[in-house]
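Visitor: Can you walk me through this one? I'd like to start with the ligand site and then look at some single residues.

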Amino acid sequence: MKEQLQALQTEALEKVTQASSRKELQDVRVAYLGKKGPITEVLRGMGKLSKEERPVIGELANTVRGAIAEAINHKQAVIEAAELEKQLAAETIDVTLPGRPVPTGGAHLLTTIVEEIEDLFIGMGFEVKEGPEVETDYFNFEALNLPKEHPARDMQDSFYITEEILMRTHTSPVQARTMTAIKDKRPVKMICPGKVYRRDTDDATHSHQFTQIEGLLVDKNVRMSDLKGVLDHFAKQMFGEDREIRLRPSFFPFTEPSVEMDISCKVCNGKGCSVCKKTGWIEILGAGMVHPRVLEMAGYDPTEYSGFAFGMGPERIAMLKYGVDDIRHFYTNDIRFLKQYHKQ
Ligand code: PHE
(Lines give C-alpha, C1' and ligand atoms only; values in the text may rest on other atoms or scores of the structure.)
Protein backbone atom coordinates (compact mmCIF):
# COMPACT_ATOMS: atom_id res chain seq x y z
CA MET A 1 0.00 0.00 0.00
CA LYS A 2 2.87 2.29 0.76
CA GLU A 3 4.25 1.79 -2.75
CA GLN A 4 0.79 2.30 -4.20
CA LEU A 5 0.48 5.66 -2.44
CA GLN A 6 3.93 6.80 -3.46
CA ALA A 7 3.26 5.81 -7.07
CA LEU A 8 0.02 7.80 -6.90
CA GLN A 9 1.90 10.85 -5.71
CA THR A 10 4.48 10.59 -8.48
CA GLU A 11 1.78 10.13 -11.08
CA ALA A 12 -0.31 13.01 -9.76
CA LEU A 13 2.62 15.41 -9.56
CA GLU A 14 3.53 14.49 -13.13
CA LYS A 15 -0.04 15.34 -14.26
CA VAL A 16 0.13 18.66 -12.38
CA THR A 17 3.32 19.53 -14.21
CA GLN A 18 1.71 18.71 -17.53
CA ALA A 19 -1.48 20.67 -16.88
CA SER A 20 -1.40 23.95 -18.80
CA SER A 21 -4.80 25.44 -18.12
CA ARG A 22 -7.18 25.92 -15.23
CA LYS A 23 -9.48 23.33 -16.71
CA GLU A 24 -6.78 20.64 -16.93
CA LEU A 25 -5.67 21.41 -13.40
CA GLN A 26 -9.21 21.15 -12.13
CA ASP A 27 -9.48 17.72 -13.81
CA VAL A 28 -6.33 16.58 -11.96
CA ARG A 29 -7.77 17.87 -8.70
CA VAL A 30 -11.02 15.96 -9.18
CA ALA A 31 -9.24 12.82 -10.36
CA TYR A 32 -6.81 12.49 -7.44
CA LEU A 33 -8.37 14.35 -4.54
CA GLY A 34 -12.08 13.89 -5.29
CA LYS A 35 -14.42 11.67 -3.31
CA LYS A 36 -14.10 8.93 -5.89
CA GLY A 37 -10.34 9.37 -6.24
CA PRO A 38 -7.68 6.70 -5.56
CA ILE A 39 -6.55 8.20 -2.23
CA THR A 40 -10.06 8.07 -0.81
CA GLU A 41 -10.13 4.53 -2.06
CA VAL A 42 -6.95 3.64 -0.13
CA LEU A 43 -8.28 5.21 3.05
CA ARG A 44 -11.49 3.29 2.67
CA GLY A 45 -9.62 0.02 2.50
CA MET A 46 -7.71 0.70 5.73
CA GLY A 47 -10.12 -1.44 7.72
CA LYS A 48 -8.33 -4.49 6.39
CA LEU A 49 -4.96 -3.38 7.73
CA SER A 50 -3.37 -4.37 11.00
CA LYS A 51 -3.41 -2.06 14.01
CA GLU A 52 0.27 -1.21 13.54
CA GLU A 53 0.01 -0.46 9.86
CA ARG A 54 -3.13 1.72 10.05
CA PRO A 55 -1.60 4.94 11.51
CA VAL A 56 1.47 4.62 9.27
CA ILE A 57 -0.57 4.33 6.06
CA GLY A 58 -3.09 6.93 7.31
CA GLU A 59 -0.33 9.44 7.87
CA LEU A 60 1.28 8.65 4.53
CA ALA A 61 -2.05 9.03 2.73
CA ASN A 62 -2.51 12.46 4.33
CA THR A 63 1.01 13.49 3.38
CA VAL A 64 0.47 12.37 -0.22
CA ARG A 65 -2.83 14.20 -0.36
CA GLY A 66 -1.22 17.33 1.10
CA ALA A 67 1.66 17.21 -1.38
CA ILE A 68 -0.68 16.84 -4.36
CA ALA A 69 -2.96 19.66 -3.11
CA GLU A 70 -0.02 21.94 -2.59
CA ALA A 71 1.36 21.20 -6.05
CA ILE A 72 -2.06 21.91 -7.57
CA ASN A 73 -2.42 25.20 -5.67
CA HIS A 74 1.02 26.27 -6.68
CA LYS A 75 0.42 25.43 -10.30
CA GLN A 76 -2.92 27.25 -10.15
CA ALA A 77 -1.14 30.43 -9.04
CA VAL A 78 1.37 30.07 -11.86
CA ILE A 79 -1.38 29.62 -14.47
CA GLU A 80 -3.36 32.57 -13.14
CA ALA A 81 -0.33 34.81 -13.17
CA ALA A 82 0.43 33.82 -16.77
CA GLU A 83 -3.18 34.49 -17.80
CA LEU A 84 -3.13 37.92 -16.18
CA GLU A 85 0.13 38.70 -17.89
CA LYS A 86 -1.35 37.73 -21.24
CA GLN A 87 -4.47 39.83 -20.69
CA LEU A 88 -2.44 42.87 -19.67
CA ALA A 89 -0.25 42.53 -22.72
CA ALA A 90 -3.31 42.31 -24.98
CA GLU A 91 -4.96 45.35 -23.42
CA THR A 92 -1.93 47.59 -23.31
CA ILE A 93 -2.50 51.17 -24.51
CA ASP A 94 0.25 53.59 -25.23
CA VAL A 95 -0.78 56.61 -23.21
CA THR A 96 2.01 58.67 -24.73
CA LEU A 97 0.42 58.53 -28.22
CA PRO A 98 -0.92 61.97 -29.20
CA GLY A 99 -4.76 61.98 -29.26
CA ARG A 100 -6.79 62.46 -32.41
CA PRO A 101 -8.11 66.03 -32.52
CA VAL A 102 -11.86 66.28 -31.90
CA PRO A 103 -13.37 68.77 -34.34
CA THR A 104 -15.32 71.44 -32.49
CA GLY A 105 -17.63 74.14 -33.78
CA GLY A 106 -17.21 77.84 -33.20
CA ALA A 107 -19.32 80.95 -33.10
CA HIS A 108 -20.46 82.44 -36.41
CA LEU A 109 -18.58 85.64 -37.26
CA LEU A 110 -21.80 87.60 -36.94
CA THR A 111 -22.46 86.21 -33.46
CA THR A 112 -18.93 87.17 -32.44
CA ILE A 113 -19.36 90.73 -33.73
CA VAL A 114 -22.79 91.16 -32.12
CA GLU A 115 -21.42 89.91 -28.78
CA GLU A 116 -18.44 92.21 -29.05
CA ILE A 117 -20.73 95.21 -29.67
CA GLU A 118 -23.05 94.11 -26.85
CA ASP A 119 -20.11 93.89 -24.43
CA LEU A 120 -18.98 97.36 -25.41
CA PHE A 121 -22.36 98.92 -24.71
CA ILE A 122 -22.92 96.85 -21.57
CA GLY A 123 -19.63 98.41 -20.44
CA MET A 124 -21.24 101.83 -20.88
CA GLY A 125 -24.27 100.79 -18.80
CA PHE A 126 -26.69 99.79 -21.57
CA GLU A 127 -29.14 96.92 -21.11
CA VAL A 128 -29.66 94.33 -23.89
CA LYS A 129 -33.30 94.01 -25.03
CA GLU A 130 -35.14 91.94 -27.60
CA GLY A 131 -38.24 92.42 -29.69
CA PRO A 132 -40.36 90.38 -32.10
CA GLU A 133 -39.32 89.84 -35.73
CA VAL A 134 -42.96 89.64 -36.78
CA GLU A 135 -44.06 93.14 -35.93
CA THR A 136 -47.18 95.27 -36.04
CA ASP A 137 -47.45 98.14 -38.46
CA TYR A 138 -47.99 100.33 -35.40
CA PHE A 139 -44.59 99.65 -33.78
CA ASN A 140 -42.62 99.27 -37.00
CA PHE A 141 -43.89 102.54 -38.47
CA GLU A 142 -46.62 104.48 -36.77
CA ALA A 143 -45.08 104.76 -33.29
CA LEU A 144 -41.90 105.90 -35.03
CA ASN A 145 -43.61 108.90 -36.59
CA LEU A 146 -44.25 107.16 -39.89
CA PRO A 147 -48.01 107.38 -40.35
CA LYS A 148 -49.71 105.38 -43.12
CA GLU A 149 -49.07 106.92 -46.53
CA HIS A 150 -45.92 108.60 -45.23
CA PRO A 151 -43.53 108.70 -48.21
CA ALA A 152 -40.57 107.66 -46.04
CA ARG A 153 -42.12 104.19 -45.66
CA ASP A 154 -40.77 103.59 -49.14
CA MET A 155 -37.23 103.85 -47.76
CA GLN A 156 -37.74 100.36 -46.38
CA ASP A 157 -39.60 98.00 -48.70
CA SER A 158 -41.43 95.60 -46.46
CA PHE A 159 -42.63 92.01 -46.34
CA TYR A 160 -46.26 92.32 -45.23
CA ILE A 161 -48.06 89.36 -43.71
CA THR A 162 -51.42 91.10 -43.33
CA GLU A 163 -52.21 94.76 -43.69
CA GLU A 164 -51.32 95.35 -40.05
CA ILE A 165 -48.54 92.79 -39.57
CA LEU A 166 -45.15 92.62 -41.26
CA MET A 167 -41.60 91.35 -40.85
CA ARG A 168 -39.86 94.20 -39.06
CA THR A 169 -37.79 96.30 -41.44
CA HIS A 170 -35.50 97.60 -38.69
CA THR A 171 -34.92 97.18 -34.96
CA SER A 172 -36.29 100.68 -34.22
CA PRO A 173 -39.72 99.30 -33.16
CA VAL A 174 -37.93 98.00 -30.04
CA GLN A 175 -37.32 101.65 -29.08
CA ALA A 176 -41.07 102.28 -29.07
CA ARG A 177 -41.85 98.94 -27.39
CA THR A 178 -39.29 99.49 -24.62
CA MET A 179 -40.43 103.03 -23.83
CA THR A 180 -44.12 102.08 -23.99
CA ALA A 181 -43.57 99.15 -21.60
CA ILE A 182 -41.96 101.32 -18.91
CA LYS A 183 -44.86 102.38 -16.73
CA ASP A 184 -43.03 104.78 -14.40
CA LYS A 185 -41.34 106.58 -17.31
CA ARG A 186 -37.86 106.35 -15.87
CA PRO A 187 -34.68 106.87 -17.97
CA VAL A 188 -33.88 104.22 -20.61
CA LYS A 189 -30.49 102.92 -21.73
CA MET A 190 -30.76 99.91 -24.00
CA ILE A 191 -29.44 98.23 -27.10
CA CYS A 192 -31.29 95.63 -29.14
CA PRO A 193 -29.65 93.27 -31.60
CA GLY A 194 -31.83 91.30 -33.98
CA LYS A 195 -32.80 90.20 -37.47
CA VAL A 196 -34.58 92.55 -39.88
CA TYR A 197 -36.20 91.91 -43.25
CA ARG A 198 -36.49 93.99 -46.42
CA ARG A 199 -37.72 93.39 -49.90
CA ASP A 200 -34.32 93.86 -51.46
CA THR A 201 -32.70 91.96 -54.27
CA ASP A 202 -29.74 90.09 -52.83
CA ASP A 203 -26.31 91.12 -54.07
CA ALA A 204 -22.87 91.73 -52.55
CA THR A 205 -24.13 94.57 -50.34
CA HIS A 206 -27.91 93.97 -50.08
CA SER A 207 -29.76 91.19 -48.35
CA HIS A 208 -33.46 90.38 -47.81
CA GLN A 209 -32.55 89.59 -44.21
CA PHE A 210 -29.76 91.07 -42.16
CA THR A 211 -28.93 92.12 -38.62
CA GLN A 212 -29.21 95.44 -36.85
CA ILE A 213 -28.29 96.72 -33.42
CA GLU A 214 -30.50 99.48 -32.15
CA GLY A 215 -29.45 101.82 -29.38
CA LEU A 216 -31.63 104.11 -27.28
CA LEU A 217 -30.84 106.44 -24.42
CA VAL A 218 -33.57 108.56 -22.85
CA ASP A 219 -33.01 110.79 -19.83
CA LYS A 220 -33.22 114.40 -18.72
CA ASN A 221 -30.89 116.79 -20.57
CA VAL A 222 -29.57 114.31 -23.14
CA ARG A 223 -27.79 116.23 -25.88
CA MET A 224 -26.35 115.59 -29.31
CA SER A 225 -22.87 115.76 -27.79
CA ASP A 226 -23.75 112.73 -25.61
CA LEU A 227 -24.62 110.81 -28.79
CA LYS A 228 -21.37 111.87 -30.40
CA GLY A 229 -19.32 110.88 -27.35
CA VAL A 230 -20.89 107.41 -27.14
CA LEU A 231 -20.48 106.78 -30.88
CA ASP A 232 -16.89 108.02 -30.87
CA HIS A 233 -16.03 105.67 -28.01
CA PHE A 234 -17.76 102.81 -29.81
CA ALA A 235 -15.90 103.46 -33.10
CA LYS A 236 -12.50 103.66 -31.42
CA GLN A 237 -13.08 100.50 -29.41
CA MET A 238 -14.35 98.62 -32.43
CA PHE A 239 -11.94 99.81 -35.10
CA GLY A 240 -8.95 101.21 -33.20
CA GLU A 241 -7.97 104.33 -31.28
CA ASP A 242 -6.69 106.02 -34.43
CA ARG A 243 -10.14 106.09 -36.09
CA GLU A 244 -12.02 109.38 -36.49
CA ILE A 245 -15.78 109.72 -36.77
CA ARG A 246 -17.83 112.25 -38.69
CA LEU A 247 -21.55 113.00 -38.37
CA ARG A 248 -23.36 114.10 -41.54
CA PRO A 249 -26.89 115.53 -41.57
CA SER A 250 -29.46 113.00 -42.72
CA PHE A 251 -33.14 112.21 -42.34
CA PHE A 252 -35.10 109.64 -40.38
CA PRO A 253 -38.73 110.31 -39.42
CA PHE A 254 -38.11 109.14 -35.83
CA THR A 255 -35.10 111.33 -35.07
CA GLU A 256 -34.65 115.08 -35.26
CA PRO A 257 -31.99 116.13 -36.04
CA SER A 258 -30.83 112.99 -37.83
CA VAL A 259 -27.30 112.05 -38.78
CA GLU A 260 -25.31 109.40 -40.50
CA MET A 261 -22.01 108.46 -38.98
CA ASP A 262 -18.90 107.84 -41.04
CA ILE A 263 -15.65 106.40 -39.80
CA SER A 264 -12.29 107.29 -41.35
CA CYS A 265 -11.19 104.59 -43.78
CA LYS A 266 -8.76 102.17 -42.24
CA VAL A 267 -7.42 100.97 -45.56
CA CYS A 268 -6.13 104.36 -46.80
CA ASN A 269 -6.20 106.24 -43.48
CA GLY A 270 -8.54 108.85 -44.88
CA LYS A 271 -6.64 109.54 -48.08
CA GLY A 272 -9.18 107.90 -50.38
CA CYS A 273 -9.17 104.41 -51.88
CA SER A 274 -11.48 101.94 -53.59
CA VAL A 275 -12.91 100.65 -50.28
CA CYS A 276 -14.10 104.14 -49.25
CA LYS A 277 -14.86 105.12 -52.85
CA LYS A 278 -12.16 107.80 -52.79
CA THR A 279 -13.86 109.72 -49.99
CA GLY A 280 -11.66 108.63 -47.08
CA TRP A 281 -14.84 107.88 -45.06
CA ILE A 282 -17.10 104.86 -44.65
CA GLU A 283 -20.70 105.12 -43.50
CA ILE A 284 -21.53 102.78 -40.64
CA LEU A 285 -24.74 103.84 -38.93
CA GLY A 286 -27.77 106.11 -38.73
CA ALA A 287 -28.61 108.05 -35.60
CA GLY A 288 -30.23 111.15 -34.17
CA MET A 289 -32.08 112.75 -31.29
CA VAL A 290 -35.32 110.90 -30.59
CA HIS A 291 -38.18 112.83 -32.22
CA PRO A 292 -40.45 114.48 -29.62
CA ARG A 293 -43.47 112.82 -31.27
CA VAL A 294 -41.88 109.39 -30.72
CA LEU A 295 -41.27 110.16 -27.03
CA GLU A 296 -44.81 111.44 -26.68
CA MET A 297 -46.44 108.42 -28.37
CA ALA A 298 -44.53 106.13 -25.97
CA GLY A 299 -45.77 108.15 -22.99
CA TYR A 300 -42.69 110.27 -22.26
CA ASP A 301 -43.06 114.03 -21.80
CA PRO A 302 -40.75 115.59 -24.44
CA THR A 303 -40.48 118.81 -22.43
CA GLU A 304 -38.96 116.83 -19.59
CA TYR A 305 -37.09 114.04 -21.41
CA SER A 306 -34.85 113.89 -24.44
CA GLY A 307 -32.86 111.07 -25.93
CA PHE A 308 -30.74 109.74 -28.74
CA ALA A 309 -31.02 106.62 -30.84
CA PHE A 310 -28.86 104.84 -33.35
CA GLY A 311 -29.06 101.84 -35.61
CA MET A 312 -26.13 99.96 -37.08
CA GLY A 313 -25.59 96.88 -39.24
CA PRO A 314 -23.25 94.27 -37.72
CA GLU A 315 -22.73 92.65 -41.16
CA ARG A 316 -21.39 95.94 -42.45
CA ILE A 317 -19.18 96.36 -39.40
CA ALA A 318 -17.83 92.82 -39.75
CA MET A 319 -17.23 93.40 -43.47
CA LEU A 320 -15.19 96.51 -42.71
CA LYS A 321 -13.34 95.06 -39.78
CA TYR A 322 -12.40 91.78 -41.46
CA GLY A 323 -12.42 92.73 -45.13
CA VAL A 324 -15.40 90.49 -46.01
CA ASP A 325 -16.37 91.47 -49.55
CA ASP A 326 -19.84 89.95 -49.91
CA ILE A 327 -22.74 90.11 -47.44
CA ARG A 328 -24.02 86.77 -48.78
CA HIS A 329 -21.10 85.00 -47.04
CA PHE A 330 -22.93 85.56 -43.75
CA TYR A 331 -25.86 83.34 -44.65
CA THR A 332 -24.56 80.92 -47.27
CA ASN A 333 -22.50 79.49 -44.42
CA ASP A 334 -19.61 77.99 -46.36
CA ILE A 335 -17.64 76.25 -43.62
CA ARG A 336 -14.33 77.37 -45.20
CA PHE A 337 -15.42 80.99 -44.75
CA LEU A 338 -16.78 80.53 -41.24
CA LYS A 339 -13.76 78.63 -39.96
CA GLN A 340 -11.42 81.54 -40.65
CA TYR A 341 -13.17 83.47 -37.89
CA HIS A 342 -13.32 80.80 -35.22
CA LYS A 343 -11.48 81.86 -32.12
CA GLN A 344 -8.70 79.51 -31.12
N1 PHE B 1 -33.78 102.37 -38.27
C2 PHE B 1 -32.87 103.09 -39.12
C3 PHE B 1 -32.60 102.25 -40.36
O4 PHE B 1 -32.90 101.09 -40.36
C5 PHE B 1 -31.57 103.37 -38.43
C6 PHE B 1 -31.74 104.34 -37.30
C7 PHE B 1 -31.97 103.89 -36.03
C8 PHE B 1 -31.64 105.69 -37.49
C9 PHE B 1 -32.11 104.76 -34.97
C10 PHE B 1 -31.78 106.60 -36.47
C11 PHE B 1 -32.00 106.12 -35.22
O12 PHE B 1 -32.08 102.73 -41.34
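Guide: We take the ligand first, then the backbone, then a few side chains and distances.

Visitor: What kind of model is this, and what are the cut-offs?

Guide: This is a predicted model, where local features need pLDDT of at least 70, side-chain atom pairs count only at pLDDT 80 or more, and totals for chains, interfaces and linings use all residues. Residues are numbered from 1 along each chain as its sequence is written, and side-chain values use heavy atoms, with hydrogens and water left out.

Visitor: OK. How many residues surround the ligand, and which are the closest?

Guide: The ligand is surrounded by 15 residues, and the closest are H170, S172, R198, Q212 and E214. A residue is near a molecule if one of its heavy atoms lies within 4 Å of it.

Visitor: Which atom of the ligand is 3.0 Å from the side chain of H170?

Guide: A nitrogen atom of the ligand, with an N or O atom in the H170 side chain at the other end. S172 has a polar side-chain atom 2.9 Å from a nitrogen atom of the ligand. For R198, an N or O atom of the side chain is 2.9 Å from an oxygen atom of the ligand.

Visitor: And how much of the ligand's area does the protein bury?

Guide: The protein buries 92% of the 330 Å² that the ligand exposes when taken alone. Accessible areas come from the Shrake-Rupley method with a 1.4 Å probe, and for residues only the protein chains shown count as cover.

Visitor: Where does the ligand sit?

Guide: In the largest pocket. A pocket is an open set of points on a 1 Å grid over the protein atoms alone, where a 1.4 Å probe fits, with protein on both sides within 12 Å along at least five of seven lines. A molecule sits in a pocket if more than half of its atoms lie within 2 Å of its grid points.

Visitor: Which strands supply at least two residues of the shell?

Guide: β5 (209-219), β8 (281-290) and β9 (306-312) each do. β9 gives the largest share, three residues. Strands here are DSSP runs of E with at least two residues, helices are runs of H or I with at least four, and both are numbered from the N terminus.

Visitor: How does the shell split by class?

Guide: Five residues are nonpolar, eight polar and two charged. Ala, Val, Leu, Ile, Met, Phe, Trp, Tyr, Cys and Pro count as nonpolar, Asp, Glu, Lys and Arg as charged, and the others, Gly among them, as polar.

Visitor: Switching to the backbone. Which peptide bond is cis?

Guide: The one from E256 to P257 is cis, with omega near -5°. P257 lies in strand β7.

Visitor: What about phi at N221 and N333?

Guide: Phi of N221 is near 60°, and phi of N333 is near 55°. Each is a positive value in a residue other than glycine. N221 is in the loop between β5 and α8 (224-239), while N333 is in the loop between α11 (329-332) and α12 (335-339).

Visitor: Why does N221 count as exposed?

Guide: Because its relative accessible area is 66%. Exposed means over 50%, buried under 20%, and partly exposed in between, with a 1.4 Å probe and protein chains only. N333, at 40%, is partly exposed.

Visitor: Back to β7. What does T255 contact?

Guide: T255 lies in strand β7, and its side chain makes a polar contact of 2.6 Å with the side chain of S258. A polar contact is a pair of N or O atoms within 3.5 Å; within protein, one must be able to donate a hydrogen and the other to accept it, and residues adjacent in sequence count only if both atoms are side-chain atoms. T255 is buried, at 2% relative accessible area.

Visitor: And D262?

Guide: D262 lies in strand β7 as well, and is buried, with a relative accessible area of 2%. Its side chain is joined to that of R248 by a polar contact of 2.7 Å.

Visitor: Last one: how far apart in space are T180 and L295?

Guide: They are 9.1 Å apart, C-alpha to C-alpha, and 115 residues apart in sequence. T180 lies in helix α7 (residues 173-181) and is partly exposed, at 31% relative accessible area.

Notes:
On a 1 Å grid over the protein atoms alone, a cavity is a set of points where a 1.4 Å probe fits but cannot get out, and a pocket is an open set with protein on both sides within 12 Å along at least five of seven lines; lining residues have an atom within 4 Å of a point.
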